[in-house]
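Open the structure and keep the sequence beside it. The paragraphs below take a few places in turn.

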Amino acid sequence: MSLVGKVGLFGGTFNPIHVGHLRVAEEALRQFGLREVYFIPTGQPPHREVADGVPGEVRYEMVKLAIAGRPGLSVSRVELDRPGPAYTVDTIVLLQREHPEGVAYIVGADIFSQIEIWHDWPRLLALCPFIVAPRPGVDLRVFSAPPFDRAEIYFLNMTPIAVSSSEVRRRYRLGLPTVGLVPEAVDRFIKERGLYGARRTPPLE
Ligand code: ATP
């Protein structure tokens, strides 16, 4: 089966979006010939609280800033506009209806390896193809064993990128450099608002 012309769905907290997310989305677009990749920031994630209490609308704003001028990348409000916890299965079903060309779900190997804590995971695994991004420390061989053997899985061919939102937040909190980890416009946004404990800088005139 080929993924050419399908829409990639990339769900996450994006708290904040970082260069690892962008690279994964752009590689997925290119390596599999996807039509488009939608970032889908979660409103209230089912498994955890959002660190630093950064609201969905603010995380959405940061995604918008990060993807500006990058062809093929878009952001979807589908999980923000739905009240309560949004389950990935429901999001995929909804977007499959809107995209008869088909969808593929993009996910990091860390998160995907914990599939058994996702809501309705047996159905989820059978729902659409998955594009898995390598992450440092995750052995991709786990995806050859049950329950993954029943899923259609594609692997992104890239060197794992050692960037995470938690590390980025830690750096803002401690006033450490974030150059090269977060897109410039997002970095400015975070500093102007003092998010994650960043020292506030006045907006540019
Ligand atoms: P946190 O550090 O707060 O857990 P995160 O960096 O994992 O955050 P999320 O918004 O939770 O970011 O992740 C959204 C999706 O992007 C997940 O599928 C995650 O596995 C994937 N992802 C995040 N960072 C990377 C990375 N550096 N390489 C590959 N995939 C990544």
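The model is a predicted one. Begin with helix α1, residues 19-32. An α-helix has 3.6 residues a turn, so residues three or four places apart point the same way. Just after α1 comes glycine 33, with a positive phi of about 65 degrees.

Now turn to leucine 3, in the segment before β1 (7-12). Is leucine 3 buried or exposed? Its relative accessibility is 3%, and buried means under 20%, so leucine 3 counts as buried. Leucine 3 and phenylalanine 32 are 29 residues apart in sequence, yet their C-alpha atoms are 5.8 Å apart in space. Beyond residues up to four places away in sequence, leucine 3 touches Phe32, Gly33, Leu34, Ala104, Pro129, Ile131 and Tyr154.

The last stop is glutamate 79, in the loop between β3 (73-75) and α3 (88-98). Glutamate 79 is buried but has no salt bridge. Which side chain of opposite charge is nearest to glutamate 79? It is that of arginine 82, 4.8 Å away. The side chain of glutamate 79 does make polar contacts with the side chains of threonine 42, at 3.4 Å, and threonine 91, at 2.6 Å. Leaving aside neighbours within four places in sequence, the residues in contact with glutamate 79 include Ile40, Pro41, Gly43 and Ala86.

Technical notes. Residues are numbered from 1 along each chain as its sequence is written. This is a predicted model: local features need pLDDT of at least 70, side-chain atom pairs count only at pLDDT 80 or more; totals for chains, interfaces and linings use all residues. Side-chain values use heavy atoms; hydrogens and water are left out. Helices (H or I, at least four residues) and strands (E, at least two) are DSSP runs, numbered from the N terminus. Buried means under 20% relative accessible area, exposed over 50%, partly exposed in between (1.4 Å probe, protein chains only). Contact means heavy atoms within 4.5 Å. Lys and Arg count as positive and Asp and Glu as negative; His and the chain ends are not counted. A salt bridge is a side-chain nitrogen of Lys or Arg within 4 Å of a carboxyl oxygen of Asp or Glu. A polar contact is a pair of N or O atoms within 3.5 Å; within protein, one must be able to donate a hydrogen and the other to accept it, and residues adjacent in sequence count only if both atoms are side-chain atoms. The expected span of a helix is 1.5 Å times one less than its number of residues.
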